[in-house]
Structures are given as C-alpha cells and as structure tokens.
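Please read the following report alongside the sequence and the structure.

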Amino acid sequence: METTVSVGNGEVWAEDSGTAAAGEAGGLPLVLLHPGVADSAVWDPVLPTLTARHRVIRYDARGFGRSPAPTAPYSQVEDLTAVLDHFGLDRAVLVGSSMGGSTSISLALAAPERVAGLALFVPGVTGYDGLMAPGFFERVGELAAAGDLEGIVRLGLGLWGLAGGGTPEADPVAADLLRAVLPAWFASAGLQREDAPAFDRLGEITAPALLALGEQDRVEVVRCNEEMAARIPGCSLVRLAGSDHYPTLREPEAVTRLIEELHAEAAR
C-alpha cells in the first residue's frame, strides 16, 4: 500500500507491504532506507523475497523518487521517526544503504529502544571527515552551471559504480537511478540539517548490527566502513567482493541473505 506520510514541514512517499507473513519469526518489520545515489527503487531487486516473509516499509527521502522536494529545513532522522510513528512501529529492523545507513545509525543512538537491529550496506555516518571525493561538489557545481547533467551522472558512476562498468553506457540501470536523484541533490542544498555526529559514539550502539562493505567501492568508503564495524559492539563485517556503492544491484541474493540473517538475530 502506497501512502503519504506527514513529516515536519513536509511529507514523504512511503510503501507498506502489510502485515508479516503467518509464522514469520518475531514479527519485526523491516524499514528500508535508500542511499543518496538512488531513491527507494534501489530496493526493487530484493523486495519480492523480503515481502514474502516480512512486513516491509520503504520510503523516499524528501525530494527523492515520489516525495516532494523540501521547502523548509529538515532532519533525516526526524523524518525516519515520523515514518515509524505513522505506521505505529515501536520497534523495527532498519536496513540502510549509504545515506540511509547514516540515518539508521543516528536513530539507533537517539532512540535505541526503537531499533531492533541494523543491517548496514556501504553506510555513511555523521561526524566522519573524508568520505566525499576531494573537489566533488565543486565539479558538480561546474557541470550544473553548464547544464551538463549527464556529465554529473558520468562523474558519479565513475566514483560509485565501477563494478557495473563506471559509465552510463555500461550500466544503464545505475545511471537511471543516479540521474533520477539529481533534482533531490539540488533541492536539499541548504535545507537538510546534518544529524548529530555519530562516528565517535558508535560504541554506544546496543542493537545487533551487520555492516556489508563493497570491495569495489571507493577506498575512502571502504576504510570508513572498516572503522565503523570495528567500533560498533558485536558488529559483523561482511565484504561483498562484487559490489561497489550499489550492492542491491550487484549482489541482490547476498544482500537478501544478510538482511534475513540480521533479522533472525534481532528477533531472537
């Protein structure tokens, strides 16, 4: 079921698969949070298997996919909290990719009682410097000023999509996902408030956690993910050999298996 969720000074699009399948252990819902390089469509390769066994909720962050662009300052973690409240979820297993992983971690620190488990894929984290390639934003600004949006897509795939070939011609699916989120990048500029620094507080996380990095991701992201997994108590670190920053496109079966394993641990 698709719906619109009211969040502070705005709204987001969300989809709820409905109640968990009969006999599903624990009945814990899964909430999927997409990366900044795609909208919630990035979960399409893993969605059929997950919804067959679990209640699954996914949503588009402001300006992404089917969610309206922001018109006032907002916080990703506050929006996630509003989504949980809308669906009446006291606790859930959060599945976050990149930007979505950062938001999931922020909620696990701000409201640990609401997070039953964390499945993190190539996650970001607030309070860590050096994740973005030097000069990236400047180059994006130059390309945008020249009206060269395809140049931005090519730039992005060269950074985050190397496992798929690194170009729109070699990887049209990732190119379409990245192309679709460019308006959100520009719409959120100056309006998205960064949530509180989390990197130095990762040791406070109490929920069962799994972190999967992509071995073909940018070296800065791989290094950050290794450090994150080392700091999160009991976190399982998994290396996806065939993945870059789009693990659901590159290794959907492995991603599905890891989500199921983390869910089973959280439900115990």
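## Salt bridges

Glu-15, Asp-44 and Arg-58 are joined to one another in a network of salt bridges, in what is a predicted model. Side chains of opposite charge can pair when their charged atoms come close. Counted with a cut-off of 4 Å between a side-chain nitrogen of Lys or Arg and a carboxyl oxygen of Asp or Glu, the salt bridges come to 19.

One of these pairs is formed by Asp-79 and Arg-62, whose closest N and O atoms are 2.8 Å apart. Asp-79 belongs to helix H2 (residues 76–86), while Arg-62 is found in the loop between strand E4 (56–59) and strand E5 (74–75), so the pair ties together parts that are 17 residues apart in sequence. Asp-79 and Arg-62 are both buried.

## A bridge between two helices

Arg-179 and Glu-150 form another salt bridge, in which the closest N and O atoms are 2.6 Å apart. Because Arg-179 lies in helix H6 (residues 172–188) and Glu-150 in helix H5 (residues 149–160), this pair ties together parts that are 29 residues apart in sequence. Arg-179 has a relative accessible area of 29% and is therefore partly exposed, and Glu-150, at 38% relative accessibility, also counts as partly exposed.

## Asp-171 and its surroundings

Asp-171 forms a salt bridge with Arg-250, and here the closest N and O atoms are 2.6 Å apart. Asp-171 is placed in the loop between H5 and H6 and Arg-250 in helix H8 (residues 247–250), so the pair ties together parts that are 79 residues apart in sequence.

Both partners, Asp-171 and Arg-250, are buried; for Asp-171 the relative accessible area is 7%, which falls under the 20% limit for a buried residue.

## The chain as a whole

The secondary structure of the protein chain consists of nine helices and 10 strands. Its radius of gyration is 17 Å, close to the 18 Å that the globule rule gives for 268 residues, so the chain is as compact as a globular protein of that length.

Of the 268 residues in the protein chain, 56% are buried. Among contacts between residues at least 6 apart in sequence, 74% join residues at least 24 apart. The chain exposes about 10,700 Å², and carbon and sulfur atoms supply 52% of that area.

## Two buried alanines in loops

Ala-72 is located in the loop between E4 and E5, and at 15% relative accessibility this residue counts as buried. Not counting residues up to four places away in sequence, Ala-72 touches Asn-9, Arg-62 and Leu-191. The C-alpha atoms of Ala-72 and Ser-188 are separated by 9.2 Å, although the two residues are 116 residues apart along the chain.

Ala-111 sits in the loop between helix H3 (99–110) and strand E7 (115–121), and with a relative accessibility of 11% Ala-111 counts as buried. Ala-111 and Thr-81 are 30 residues apart in sequence, and in space they are 9.1 Å apart from C-alpha to C-alpha.

## Positive phi angles

Most residues other than glycine have a negative phi. Against that background, Asn-9 has a positive phi, near 60 degrees. Asn-9, which is one of the residues touched by Ala-72, is placed in the loop between strand E1 (2–7) and strand E2 (10–16), and with a relative accessible area of 58% Asn-9 is exposed.

Val-122 likewise has a positive phi in a residue other than glycine, with a value near 40 degrees. Val-122 is found in the loop between E7 and helix H4 (136–145). Whereas Asn-9 is exposed, Val-122 counts as buried, at 1% relative accessibility.

Key:
Residues numbered from 1 in each chain as written. Predicted model: local features only at pLDDT ≥ 70, side-chain atom pairs only at ≥ 80, totals over all residues. Heavy atoms only, no water. Helix = DSSP H or I, 4+ residues; strand = E, 2+ residues; numbered from the N terminus. Rg over C-alpha atoms; globule rule 2.2 N^0.38 Å. Buried < 20%, exposed > 50% of the residue type's maximum accessible area, 1.4 Å probe, protein only. Contact = heavy atoms within 4.5 Å. Areas by Shrake-Rupley, 256 points an atom, 1.4 Å probe, with all protein chains shown as cover.
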